[in-house]
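Here are my notes on this one, point by point. Have the model open while you read.

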Amino acid sequence: MEEMTDPLSDQGALAESQRCLYCYDAPCIHACPTGIDVPAFIKKIANGEVASAAKTILTANILGASCARVCPTEVLCEGACVLGHEYEPIPIGRLQRHATDFITKRGISVLKKPTETSGFRVAIIGGGPAGLGCAADLAQLGHRVVIFEKERDAGGLNTRGVAYYKMKPRVSLDEVRLVESLGVEIRREVNVGVDLSAGELLSEYDAVFVAIGLGCGSRLNLPGESGPGVRSALDFIRDIHEMPLDEVAIGHSVLVIGGGNTAIDAVSQAKRLGAPSATLAYRRKEERMSAYAFEVSLARAADCRLLFQAKPLEVLRSAEGNLTGVKFVHETNGKEWIEPCDQLLVAIGQNKQDHWLKSLFPTLELNSQGCVITDPLTSRTNLPKVFAGGDCANGGKEVVNAVGEGKKAALAIHQMLTGKTPIPTLQSSRRGIARPPAGAGLWNPVRKPTH
Ligand SMILES: Cc1cc2nc3c(=O)[nH]c(=O)nc-3n(C[C@H](O)[C@H](O)[C@H](O)COP(=O)(O)OP(=O)(O)OC[C@H]3O[C@@H](n4cnc5c(N)ncnc54)[C@H](O)[C@@H]3O)c2cc1C
């Protein structure tokens with residue numbers, strides 16, 4: 001369960017950074033949803049300016065340390081690296097980790113809390129990657145930001161969901177502290193909708209960013225599902241993050257149902273935690289799995305068994321009610337069989353939070369999937385002061401997408417509140433992040449700050 005990728009040594013980082021071609025208009029920048037200026041930070045590592053490299057990363061992406069560990073770099077920055085056509089691509093993720101770990105280990109602060117404040121106040125619902133990404137940029141633009149987080153720890157799924165062998169929760173919690181060091185206030189254990197109403201937020205704050213992520217894991221809705229031994233893979237993964245590892249309940253024969261990254265993370269972690277047998281069953285062919293090929297190969301390397309075209313029909317129990325197995329049917333030949341198991345983890349997706357969203361903001365527009373409809377450039381919703389981003393708007397992508405959407409919202413909120421366009425950074429201009437269209441209402445100041 002240790003982090004599976006070793007950090008680069010100083011010499012290794014130097015050697016890898018010197019291989020970079022420092023492309024003009026580099027494809028790796030375009031491939032990053034937060035637009036990190038990859039060639040610039042790699043050049044700084046090559047020059048021995050590692051803290052400055054970290055500043056370049058964190059200015060674009062406040063969760064640069066966790067993205068260095070959890071991003072599917074093989075399909076993002078490293079997948080776009082031109083060297084990859086003929087040689088090994090630059091290990092951008094590992095170099096990013098090298099730079100961000102360098103400052104964390106030495107306690108170096110590279111981002112400054114602004115000395116002047118705008119007087120505007122922004123509320124953020126949810127302290128996951130989207131909320132933190134938005135908060136960090138707004139705070140650095142001088143606004144007063146309060147994050148309302150229902151859990152005891154902020155960080156969202158970055159703290160409680162990402163596989164333990166990719167990143168320890170400590171990295172995510174360090175990033176939460178970094179955001180707080182910029183002046184952001186996090187009010188923990190405040191469940192918006194229960195402890196606080198939308199009306200209170202809208203009257204007390206100049207803008208609201210909704211970043212609540214997705215809800216609990218979906219159920220199979222099969223006979224026999226309710227009862228001991230069956231749980232959501234998300235709850236199992238959460239236990240791994242919150243309990244001593246030797247206290248996490250692991251079956252002898254673990255069966256995971258699903259074909260996405262959560263399913264593959266769950267089966268890998270069950271095996272790594274000592275389950276003698278861990279099997280994943282997916283109802284379609286392997287090529288239809290939404291899990292990344294790299295993650296699938298990790299599960300295979302951990303000795304997990306993978307079954308395809310296996311549609312579950314019924315959860316089987318003994319006369320005493322104990323879980324004994326799952327009956328499946330093969331999707332093409334119609335053959336039925338029983339997979340014995342004493343622990344079943346369900347990983348077929350997370351529920352949307354459409355009921356919560358509608359009860360809090362009755363006129364907020366949602367799509368047919370129950371996600372908030374937002375403007376792709378500004379993360380703005382149909383409600384004037386309300387923006388949204390991350391999983392609750394994109395339906396469930398990656399940490400880096402959530403941060404990117406939070407950043408877009410921060411820039412758009414800043415422009416809405418002040419009427420000013422911040423000088424676009426290299427990253428924002430390259431990625432086409434929010435420029436004010438002439439005369440558009442959104443960009444006009446809403447009012448002068450009164451507090
Ligand atoms: C098992 C699993 C593994 C994953 N692995 C990876 C990976 O390896 N790499 C990767 O890039 N991505 C991964 N992801 C996806 C990634 O974690 C998400 O895309 C990302 O966390 C979304 O960020 P978010 O801020 O939108 O939502 P979340 O991370 O879900 O954060 C939402 C926050 O809002 C809070 N909240 C919710 N409702 C309320 C309320 N009413 N009041 C106050 N607070 C509230 C929640 O407590 C939470 O802290 C994984 C996801 C899962 C489920």
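1. Two strands count as paired if DSSP finds at least two bridges between them. Helices (H or I, at least four residues) and strands (E, at least two) are DSSP runs, numbered from the N terminus. Arg317 has Leu323 in S10 as its bridge partner. Five residues sit between S9 and S10, and Gly321 in that turn has a positive phi of about 95°.

2. A word on provenance: this is a predicted model, where local features need pLDDT of at least 70, side-chain atom pairs count only at pLDDT 80 or more, and totals for chains, interfaces and linings use all residues. Residues are numbered from 1 along each chain as its sequence is written, and side-chain values use heavy atoms, with hydrogens and water left out.

3. Now the open sheet. Its five strands come in the order S5-S12-S6-S7-S8, with parallel pairing. Strand S5 (230-232) and strand S8 (305-307) are at the edges with a single partner strand each, so one side of each has no neighbour in the sheet. From one strand to the next, the twist averages 20°. Inside the sheet, four bridges link strand S6 (residues 253-257) to strand S12 (residues 343-346), and Val256 stands opposite Leu345 in S12.

4. Two helices lie across that sheet. Helix H13 (residues 261-272) lies across S6, strand S7 (277-281), S8 and S12, and runs at about 170° to S7. Axes here are lines fitted to C-alpha atoms, for helices over the stretch in contact (heavy atoms within 4.5 Å); angles run from 0 to 180 degrees between N-to-C directions.

5. What about helix H10 (residues 169-181)? Its 13 residues should span 18 Å at 1.5 Å a residue, and the end C-alpha atoms are 19 Å apart, which agrees. The expected span is 1.5 Å times one less than the number of residues. Buried (under 20% relative accessible area, 1.4 Å probe, protein chains only) are Pro169, Val171, Ser172, Glu175, Val176 and Val179. They cover an arc of only 160° around the axis (directions from the axis to the C-beta atoms), which puts them on the same side of H10. Their packing partners are H5, H8, H9, S3 and H12. After H10 comes Gly183, with a positive phi near 105°.

Conventions. Buried < 20%, exposed > 50% of the residue type's maximum accessible area, 1.4 Å probe, protein only.
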